[in-house]
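Please look through the sequence and the structure before reading on.

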Protein chains: 2
Amino acid sequence: MTEKQEKILTTALQLFADKGYDATSTSKVAKAAGVSEGLIFRHFGNKEGLLNAIKQYGMEKAALVMGPILEEEDPKKIIKAALEMPFCIPKNQDPFWKLLYALKWQEDIYDNSMSDPLRHKLEGAFAKLKYKNPEAEAELVLILIDGVATSILLRKCENSEQVMQSVLAKYEL
Amino acid sequence: MTEKQEKILTTALQLFADKGYDATSTSKVAKAAGVSEGLIFRHFGNKEGLLNAIKQYGMEKAALVMGPILEEEDPKKIIKAALEMPFCIPKNQDPFWKLLYALKWQEDIYDNSMSDPLRHKLEGAFAKLKYKNPEAEAELVLILIDGVATSILLRKCENSEQVMQSVLAKYEL
DNA sequence: ATTTCCAGAGTGATTAATCACTCATTATTA
DNA sequence: TAATAATGAGTGATTAATCACTCTGGAAAT
């Protein structure tokens, strides 16, 4: 990956996350990255190719957070680690997640491939703990993760820590 | 409100919710609504004016669902009604909420004005029930509402009902 | 050790299409 | 007839994408 290639990628991520994918033109990306517009198309084919490159770039780093949880065996630790995930996201990955959450709403089909491994892991954990409906409980944890992540990314609440305390209490963790 | 005015409004809402606000041109709205493009600007001034009209149009109907909860006095009923809100949204209001949730991510400052009345009502309810941290509990309910609404709007899960059962159980409702 | 060669990085002018928006004109209604 | 509703061609700006082109560093050939 060239220096300019990486500059394009990070600049586009910033703009896409901040202003929105559709609202950000390739010419603005080029100008902000200090690069000719043609270079974007040389390296990434088209605007969507640039977006896909950003997604892949971010997913590789996201896998590092998800990985250890999928290795864990203690059910309570699995649930706790999952619920604490939104707090483990480093600040410099915020734009990537903002972009991903924003895109959910305009993609035709929702992609479960990212959350499915965690869902299955959680279902197993709740089953071990003799919860009545492990599938629904797993789904609920995923909803909580999304909700907390959303409120953090949008800076909607300053007391996320206390909210998380309330959540953990409900699972006796 | 003229027949064509309403046609513009509902058509734009459909397209904005489905394809995104930025990705939907006024000419596409006009064509889909079977109306001249100029008419949009005559009635709504500009594209943002059209968006604002849609917001107001939807908020008036949303207030009908929110209203009764703010009147309620029994704390347990308040919490239960709040958590069940996502299920009370009629199907024909889905596009409006899809649009609203999508827009959250590209607006510069998040607008709390809609959720604040409910937040305060919930804080009061949790305080009455002697919860340790009413503010955090209220915030958590709002997060749950957003999360469940999201999963319903994106048709991410088919077992929302069971998820809600799990949620209500955690509040002993 | 020169010279030749070439692949790929990078440029910026340019394309056709589309964008939000305007306006003079016509149709409809009161 | 007066006012309003509606039209659709037209504006300049901007869009994503393409184009022919230059520059550069290293491999190959002499």
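**The protein surface around the DNA strands**

α3 (37-44) of chain A, and α2 (26-33) and α3 (37-44) of chain B, each provide at least two residues of the surface near DNA strand C. Helices are DSSP runs (H or I, at least four residues), numbered from the N terminus, and a residue is near a strand if one of its heavy atoms lies within 4 Å of it. This is a predicted model in which local features need pLDDT of at least 70, side-chain atom pairs count only at pLDDT 80 or more, and totals for chains, interfaces and linings use all residues. Residues are numbered from 1 along each chain as its sequence is written, chains are lettered from A and ligands numbered from 1 in the order in which they are written, and side-chain values use heavy atoms, with hydrogens and water left out.

Reader: Which element gives the most to the surface near DNA strand C?

Author: Helices of both chain A and chain B supply this surface. With four residues, the element that gives the most is α3(A).

Reader: Which element supplies the largest share of the surface near DNA strand D?

Author: α2 (26-33) and α3 of chain A and α3 of chain B each supply at least two residues there. The largest share, four residues, comes from α3(B).
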